[in-house]
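This briefing is for a reader who is meeting the structure below for the first time. Look at the sequence and the model first, then work through the points by topic.

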Amino acid sequence: MSPARKTHAERWLLPISLLIVTVVYRPGLQGSWLFDDHPNIVDNPGVQPHGVSVAALVRAALSSPASDFKRPLASLSFAANYLAGGLDPFGWKLVNLIIHLLNGVLVFILTRRLLAAVGKTSTASDHYMRGAPEDNRASVIAALTATGWMLLPINLTSVLYVVQREESMANMFVLLGLVGYVAGRQWMLRRDGAVAHPATARNGSSDWSGFWLCAASVTLAAAVGLLAKETAAMLPLYTFVIEWILFRFRRTQRSAEASDPRIAALFVLVLLLPLIAGLFWKVPQVLDSSAWATREFTLGQRLLSEARVLCDYLAWTLLPTHHALSFYHDNFRISTGLLSPWSTLASLLVLALLVALMFQLRQRQPLVALGIALFLGGQLLTGTILQLELVYEHRNYFASFGVLLAVVPWLVEARGGSTTRTWLQRAVLASLMLWWTALTALTVQAWSDPLRLALELADRAPDSPRAQYELGRTYIIYSHYDPASPYTQLAYPPLERAASLPESSILPQQAMIFMNSRMGLPLKADWWDSMIAKLKARKPGVQDESSLASLAQCAQDRSCSLPTDRMVQAFEAALSHPAPSARLQATYGNYAWNVQGNHALGLSMIEGAVNTAPDEPAYRVTLVRMLASTGNDAQARAALAQLQAMNYGGRLDTTIQSLQELLDERSTAAPIERPR
C-alpha cells in the first residue's frame with residue numbers, strides 16, 4: 001500500500017470504528033428502564049420538570065437519591081432528556097451512546113499523546129510532521145485501543161443502563177483532564193528544543209503556559225466531573241501515575257536528573273492534601289462497626305473479597321464470557337479468610353504480581369506499567385474501604401482503558417521479535433476484538449426488549465436474587481395484573497426462588513404480596529413471615545426500605561388490601577435496629593397517618609425523620625402539613641421557616657407557597673377545640 005493510501009486509511013479508521021460502535025449499540029436503544037433507573041429517574045419527580053425555570057433546574061440538580069453529593073450535572077442532563085422527550089427511554093439511551101462515542105474519541109486522543117510521550121511519535125517535539133510513518137503507526141494503535149475500549153462488553157452498562165450516564169459523564173471530564181495534562185507536560189518539555197528556537201528560550205512562555213494548562217486540566221476537569229459522579233475525584237491520581245511513569249517530574253526531555261518543583265507542588269495541592277483530608281474524614285466512619293450494619297460483610301471481609309473482584313474484573317475485561325457479565329452480582333461469595341475461598345489468597349498474589357510488574361516494567365515497557373497502574377488506580381475508590389456493594393461492572397469504565405493501554409500497543413508493536421511472533425500477536429488482538437464485538441452485539445440484542453433481557457440475565461445468574469426477582473417483576477408487568485394472563489403464573493417461580501436464596505432482600509416477598517393484593521388473590525402467610533423474619537434478622541437496606549414504601553403507598557392509594565397488623569409487624573421489625581434511616585421513619589409515619597389513622601405515631605415518625613436527615617426538605621414539608629392538620633400552627637410556622645431557609649434558587653417556591661396558603665386558611669378559620 002502506498003504511503004498516501006495508507007495515510008488515507010488511517011484517517012478513516014476512527015470514524016469507521018465510531019460507525020461500527022453505533023451500529024452495534026443501535027438495537028439496545030429500544031430497551032426499557034432497569035433496576036436503579038427507577039428510583040433515580042422514573043420515580044424521581046425532581047428530574048421531571050414541567051418547564052424551564054431557575055427553581056425547576058435547582059430542584060432537578062439536587063434531586064438525586066443516590067448520593068449525598070447529589071450529582072447535579074448528571075441530574076440536570078436527566079431533566080433535559082425529560083423536557084426533550086418525556087420518559088421514552090430511547091432518547092435517554094441515545095444521549096448515553098453519544099457520550100460513549102465522545103469518550104471513545106478522547107481515548108483515541110489520549111492514547112496517541114501517551115504514545116508520543118514514550119517516543120512512539122514525536123508530537124511533543126518541534127520535529128513533529130503530519131503524516132510521518134511513526135505518526136501513522138501511533139494513529140493506528142490509538143484507534144485500535146479506542147475501538148476495543150468502546151466495544152468492550154464490560155462497558156455496555158455505562159451505555160444502555162441509563163442511570164450510569166453518571167459514570168460515563170464523570171469520566172468524560174476525567175479523560176479531558178488527562179488529555180489536557182499530557183498536552184501541558186509535552187508543552188513544558190518543549191524547552192528541550194530551545195537551542196533550535198532561541199525565541200522560545202528567551203521568553204520561556206511555553207514552559208509556564210504548559211504548567212498552567214496542567215494545573216487547570218487537573219483541577220477544573222475534576223471539579224466539573226465531580227458534579228456528575230464522585231469517581232472524577234480520581235483524576236489527580238491518574239495524572240500522578242502518568243507523571244511518575246512517563247514524565248518522571250523532569251524539567252526537560254534531555255535531563256533525567258533535573259526535576260520540576262512546580263509539578264511536585266501541584267500534586268501536593270491536588271492529591272496529597274485532599275488524600276490526607278479524605279482519610280481523616282472517612283477512616284473513623286469505616287472503622288465504626290455500626291456503619292456496616294446494612295451490609296453482609298465487615299471491612300476486613302470487604303477488602304479480602306475485593307481482591308477476588310479485581311481479578312474477576314481483569315478477566316471480564318480481556319476474556320469475558322456469556323455468564324460472567326451477568327449485570328447482577330449480588331450472589332458473589334464473600335471472602336471470610338485468606339483460604340475461604342482459596343481464590344482469595346491467589347487473587348492477592350496476582351495483585352501483588354501486578355504491582356511488582358508495574359515497577360519492573362516502568363523503564364522497559366512504560367505503557368504496560370501505566371496500564372496496570374491505571375487499572376489498579378481506577379479501583380481504589382470503589383474497591384477498598386467504602387461501604388459499597390462488592391461488584392458492579394460499570395466501575396470498570398475507566399479502569400478498562402488501563403487494561404487496553406497495557407495490552408493493545410504491546411500486541412500491535414512487536415518490535416525486536418520474529419515475523420511469526422508479530423503476526424501471532426496481531427492475530428490474538430484481532431481475535432479479541434472480534435470476540436468483544438460479538439459478545440457486546442449479542443448482549444445488546446437482549447437489552448432491546450425488557451422480557452428478553454430479564455430472561456437473559458436470569459439465565460446468566462441463576463443464583464442471583466436480584467436477577468430472579470427482576471424476571472418475576474417483568475412477568476408481573478406483562479400480566480397487567482390480570483389473573484387470567486399466562487404471565488401471572490410465570491411470575492411465581494422466579495420470585496419464590498429469589499425469596500429462598502440466602503441474603504436476598506424482601507423485594508421478592510413484596511412483589512408477590514403486591515401482585516396478589518392488586519389482583520384480589522390470597523396472600524400467603526409464608527410471604528409475610530419470611531419478610532418480617534428478614535427485617536428482624538438484619539438492618540434493612542435500600543431495597544428493603546423501597547419494598548416497604550411500595551406496599552405502604554399501595555395501601556394508601558387503596559389499590560391494595562393489606563392486613564394492617566402484618567404491615568405494622570413489618571415496620572416494627574425494620575425499626576428495631578439502631579439508628580433507623582430517615583426514609584424508613586418517614587415511610588412508617590405516612591402509613592401510620594394515612595392508613596392507620598394514628599396521627600400521634602405519624603407525627604412522631606416524621607419528626608424522627610427530620611432529626612435524622614435535617615437537610616432533606618421532603619420530610620419537613622410533611623411535618624408542616626401534619627402539624628397544621630393537628631392544630632399546632634405555631635410549630636407548623638416554625639417548621640415552615642426552617643424549610644424556607646433551604647429554598648436554594650427558589651426550588652421550593654411552589655411548595656412553600658401552598659404551605660403558606662394552608663396555614664393562612666387555618667388562621668382565618670374557626671379554631672379547633674383541642675382535647676383536654
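Both Cys 554 and Cys 560 are buried. These two residues are joined by a disulfide, and the structure holds 1 disulfide. The model is predicted.

**Cysteines**

- The disulfide between Cys 554 and Cys 560 has an S to S distance of 1.7 Å.
- The disulfide is right-handed because the torsion about the S-S bond of Cys 554 and Cys 560 is about 70°.
- A disulfide is a covalent bond between the sulfur atoms of two cysteines.
- Cys 214 has a relative accessible area of 0%, so this residue is buried.
- Cys 311 has a relative accessibility of 17% and therefore counts as buried, since the cut-off for buried is under 20%.

- Helix H5 covers residues 89-117, which makes 29 residues.
- From its first C-alpha to its last, H5 reaches 42 Å, close to the 42 Å expected at 1.5 Å a residue.

**Helix H6 and Asn 136**

- Helix H6 runs over residues 133-151 and includes Asn 136.
- Asn 136 counts as buried because its relative accessibility is 10%.
- Asn 136 and Arg 11 are 125 residues apart along the chain, and their C-alpha atoms are separated by 8.7 Å.

- A nonpolar patch on the surface is formed by Val 268, Leu 269, Leu 272, Leu 273, Ile 276 and Phe 280.
- Together these residues have about 580 Å² of accessible area.
- Leu 273, one of the patch residues, is found in helix H12, which spans residues 261-286.
- With a relative accessibility of 44%, Leu 273 counts as partly exposed, because that class lies between the 20% limit for buried and the 50% limit for exposed.
- An α-helix has 3.6 residues a turn, so residues three or four places apart point the same way.

**Helix H23 and Ser 547**

- Ser 547 belongs to helix H23, made up of residues 542-556.
- The relative accessible area of Ser 547 is 0%, so this serine is buried.
- Leaving aside residues up to four places away in sequence, Ser 547 touches Ile 506, Leu 507 and Gln 510.

Terms used:
Residues numbered from 1 in each chain as written. Predicted model: local features only at pLDDT ≥ 70, side-chain atom pairs only at ≥ 80, totals over all residues. Heavy atoms only, no water. Disulfide = S-S within 2.5 Å. Buried < 20%, exposed > 50% of the residue type's maximum accessible area, 1.4 Å probe, protein only. Helix = DSSP H or I, 4+ residues; strand = E, 2+ residues; numbered from the N terminus. Expected span 1.5 Å × (residues − 1). Patch = residues over 30% accessible without salt bridge, like charges linked within 9 Å, V, L, I, M, F, W, Y side chains within 5 Å. Areas by Shrake-Rupley, 256 points an atom, 1.4 Å probe, with all protein chains shown as cover. Salt bridge = Lys/Arg side-chain N within 4 Å of Asp/Glu carboxyl O. Contact = heavy atoms within 4.5 Å.
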